[in-house]
Amino acid sequence: MKKFWFLACMVIGISACEKDDICEGGTSETPNVVINLYDGFDTEQLKVATKIAMIAQGFSDTIFYKNTNKIEVPLQINTNETQWSLLLYVPPTVSGNDTIIKQNDVRFNYETHEFYVSKACGYKVDFYNFNANLISNDSTGNSWIHNISNLTREITSDDHAHINLYY
Amino acid sequence: MIMRILIFIISLLIGGSNSFAQETPKSYPEIYGLRVGGDLVKVSRNFWDKDYKGFEIHADYRYNKSWYIAAEAGFEERFKSDDQLSFTTSGTFLKIGADRNFHQNWLDMNNLIYVGARYGLSLHNQTLHSFRVNTGSGYFNEDLQYPELKSDGLSAHWLELVFGIKAEIVDNLFLGLNVRFNALIAQKQPEGFENLYYPGYGQKYSGNIGAGFGYTVSYLIPMKKKIILKD
């Protein structure tokens, strides 16, 4: 009898909490485009950028990366195209010089597929027929990216790189 | 009424049937009949939870000394809003099974401490009101989307284990308390979504196990008396 009441109280206690599930992130979130930065002359060699700024076309917020050889670029989920301006900060080589900022634009084209993950995580978007193109700006002489190469047509997770960028 | 509950509690504490055997009369009646009632938690919730509508009625019929055939039926509508989505589930449910009374009553007392099992069935629909795509970065400030997507013809089947008591507080009127463990066995899910609540079962958690409790009030319609002779 005592055991019964103990059990009854336990169950009422547990069910009263209504604890919801927690989203663990990772592959249950919409992935970003993962870009590895390589040396433009020694293309086997990852190259650390001192500072990179990113602004999406039509938006004003800036994302900064510092001292990294990998950047992650979000895509818009309600259109099939997102264009990002990638700005490289070149630190002065001789003291007294100013930091030089160079800019390239990259256009990403893709198709979106939206689907339900779980109650805690909600919905997620995967990207298919993905393609990234470097927009040429030779006229300004301000370019820093030599080349980019697409590694995949599908973006379903952040786990590995989708693009190699050479500079 | 207070006296009856007191006697019931005393009988529980003493825990036996034979303690006062000397004073036992030669015979006493066992009441058989149909007990009907409702769940007080579900009914009261209509008043204090604006996101809930529902009720549950139940009935049991005494089959023999210890066994009761039991069933519950009702309707539930539940709205829930989480960080990532909001939805409403609405529908009816039916549970059928049996209870076994393990309580040895004193003489003509008619209380139950029972363990029961049920097969549960819900027929429901679920509407997805809003959701947000989980983008992690939030750079583009994606808005909530409002599809108002209704999925009809959903169902669920589950098994239930019930532990409860029913105490007769005045003649033929019972107050009860029960706890339930549910195990989902089959369901029909909405396309591109998921059953998140089942009428009669409750909220869906990550596993296929659920739990709940209820307070009941019920009335026994006596149908026949069986005279038990004490030897």
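Predicted model: local features only at pLDDT ≥ 70, side-chain atom pairs only at ≥ 80, totals over all residues.
**View 1. A nonpolar patch on the surface of chain B.** The patch is formed by Val36(B), Tyr61(B), Tyr63(B), Trp67(B), Ile69(B), Tyr219(B), Ile221(B) and Met223(B), which together have about 800 Å² of accessible area. Strand β10(B) gives the largest share of the patch, three residues, while Val36(B) is found in strand β1, which covers residues 27-39 of chain B.

**View 2. A salt bridge between Arg35(B) and Asp60(B).** The side chains of Arg35(B) and Asp60(B) meet at 3.0 Å, taken from N to O. This pair links distant parts of the chain, since Arg35(B) lies in strand β1 and Asp60(B) in strand β2 (residues 52-62) of chain B, 25 residues apart. Over all chains, the count by the same rule comes to 16 salt bridges.

**View 3. The contact between chain B and chain A.** Chain B brings 35 residues to this contact and chain A brings 38 residues. Between the two chains an area of about 3000 Å² is buried, and carbon and sulfur atoms give 65% of that area. Of the area that chain B buries against chain A, Asn134(B), Tyr139(B) and Phe140(B) supply 26%, which is more than any other three residues supply.

**View 4. Salt bridge and polar contacts across the interface of chain B and chain A.** One salt bridge is found across this interface, and it joins the side chains of Lys119(A) and Asp82(B), with a distance of 3.9 Å from N to O. Eight residue pairs are found in polar contact across the interface, with both residues of each pair at pLDDT 80 or more. On the side of chain B that touches chain A, at least two residues come from each of the strands β3 (67-81), β5 (112-131), β6 (149-170), β7 (173-188) and β10 (209-229) of chain B. Sorted by class, this side of chain B has 17 nonpolar residues, 11 polar residues and seven charged residues.

Conventions. Residues numbered from 1 in each chain as written. Chains lettered and ligands numbered in written order. Heavy atoms only, no water. Contact = heavy atoms within 4.5 Å. Buried area = accessible area lost by both parts, 1.4 Å probe. Salt bridge = Lys/Arg side-chain N within 4 Å of Asp/Glu carboxyl O. Polar contact = N/O pair within 3.5 Å; in protein donor to acceptor, adjacent residues only side chain to side chain. Helix = DSSP H or I, 4+ residues; strand = E, 2+ residues; numbered from the N terminus. Nonpolar A, V, L, I, M, F, W, Y, C, P; charged D, E, K, R; others polar. Patch = residues over 30% accessible without salt bridge, like charges linked within 9 Å, V, L, I, M, F, W, Y side chains within 5 Å. Areas by Shrake-Rupley, 256 points an atom, 1.4 Å probe, with all protein chains shown as cover.
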